[in-house]
Amino acid sequence: MANVTKNRPLSPHLQIYKPIPTMIMSILHRITGAALYFGTILVAWWLVAASTGADYFEWVNWFMGTIIGRLILFGYTWALVHHMLGGLRHLMWDVGYGFDKHFSTKLAKANIIASVVLTILVWVVAYIIRT
């Protein structure tokens with residue numbers, strides 16, 4: 001019996017394809033979805049701290065106020081906004097609009113730009129409200 005699997009070509013992988021905006025956005029959509037899954041632990045941690053007592057809550061607030069904590073929160077905010085915009089893009093595709101190559105490329109580029117701009121806007125508004 002001959003081994004037919006040795007003669008079959010391997011499936012193309014990321015090294016073969018040239019990265020295009022829609023491919024990068026698809027990968028980022030998956031990454032931000034996973035980041036949101038793990039980032040939600042932050043929300044749960046904050047809620048547990050709030051229900052545990054004032055000392056622990058103050059410690060969690062202190063940590064979130066450090067440079068590392070703020071970077072984590074900024075990344076979580078960006079992941080949330082980016083994933084939401086990607087979901088809206090997918091919803092648009094589900095209703096049958098936006099399949100044109102040039103339009104979907106522009107939409108993918110707009111997704112990354114809008115997610116960064118909206119994340120910065122959210123943080124600016126948060127700082128304005130806080131002061």
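What follows is a chat about the helices, a surface patch and a few residues of a predicted model.

Student: How many helices and strands does the protein chain have?
Tutor: The model is a predicted one, and its protein chain has four helices and zero strands. Read from the N terminus, the elements run α-α-α-α.

Student: What share of the residues is buried?
Tutor: Buried residues account for 21% of the 131 residues in the protein chain.

Student: OK, so at what angle do helix 1 and helix 3 cross?
Tutor: Roughly 130°, and their axes come within 8 Å. Helix 1 is therefore oblique to helix 3, because only angles over 145 degrees would count as roughly antiparallel.

Student: Is that crossing left-handed or right-handed?
Tutor: Helix 1 and helix 3 make a left-handed crossing.

Student: And helix 3 with helix 4, how do those cross?
Tutor: The axes of helix 3 and helix 4 cross at roughly 140° and come within 9 Å. That angle makes helix 3 oblique to helix 4. The crossing of helix 3 and helix 4 is right-handed.

Student: Switching to the surface. Which residues make the nonpolar patch?
Tutor: Phe74, Val116, Ile120, Val124 and Ile128 make a nonpolar surface patch of about 420 Å².

Student: Which helix gives the largest share of that patch?
Tutor: Helix 4, which covers residues 101–130, supplies four residues.

Student: Where is phenylalanine 74, then?
Tutor: Phenylalanine 74 lies in helix 3, residues 67–94.

Student: Why does phenylalanine 74 count as partly exposed?
Tutor: Because its relative accessibility is 34%, and partly exposed is the class between under 20% for buried and over 50% for exposed.

Student: Another residue: where is isoleucine 112?
Tutor: Isoleucine 112 sits in helix 4. Its relative accessibility is 27%, so isoleucine 112 counts as partly exposed.

Student: How far is isoleucine 112 from glycine 86?
Tutor: In sequence, isoleucine 112 and glycine 86 are 26 residues apart. In space they are 9.1 Å apart, C-alpha to C-alpha.

Student: Last one, tyrosine 56. Which helix is that in?
Tutor: Tyrosine 56 belongs to helix 2, residues 54–65.

Student: Why is tyrosine 56 called partly exposed?
Tutor: Because tyrosine 56 has 32% relative accessibility.

Student: And what separates tyrosine 56 from tryptophan 46?
Tutor: Along the chain, tyrosine 56 and tryptophan 46 are 10 residues apart, and their C-alpha atoms are separated by 9.5 Å.

Key: Residues are numbered from 1 along each chain as its sequence is written. This is a predicted model: local features need pLDDT of at least 70, side-chain atom pairs count only at pLDDT 80 or more; totals for chains, interfaces and linings use all residues. Side-chain values use heavy atoms; hydrogens and water are left out. Patches are made of residues with over 30% relative accessible area and no salt bridge: like charges are joined within 9 Å, nonpolar side chains (Val, Leu, Ile, Met, Phe, Trp, Tyr) within 5 Å. Accessible areas come from the Shrake-Rupley method with a 1.4 Å probe; for residues, only the protein chains shown count as cover. A salt bridge is a side-chain nitrogen of Lys or Arg within 4 Å of a carboxyl oxygen of Asp or Glu. Helices (H or I, at least four residues) and strands (E, at least two) are DSSP runs, numbered from the N terminus. Buried means under 20% relative accessible area, exposed over 50%, partly exposed in between (1.4 Å probe, protein chains only). Axes are lines fitted to C-alpha atoms, for helices over the stretch in contact, and angles run from 0 to 180 degrees between N-to-C directions. Angles under 35 degrees count as roughly parallel, over 145 as roughly antiparallel, 65 to 115 as roughly perpendicular and the rest as oblique. A crossing is left-handed if the near helix is turned anticlockwise from the far one by less than a right angle, and right-handed if clockwise.
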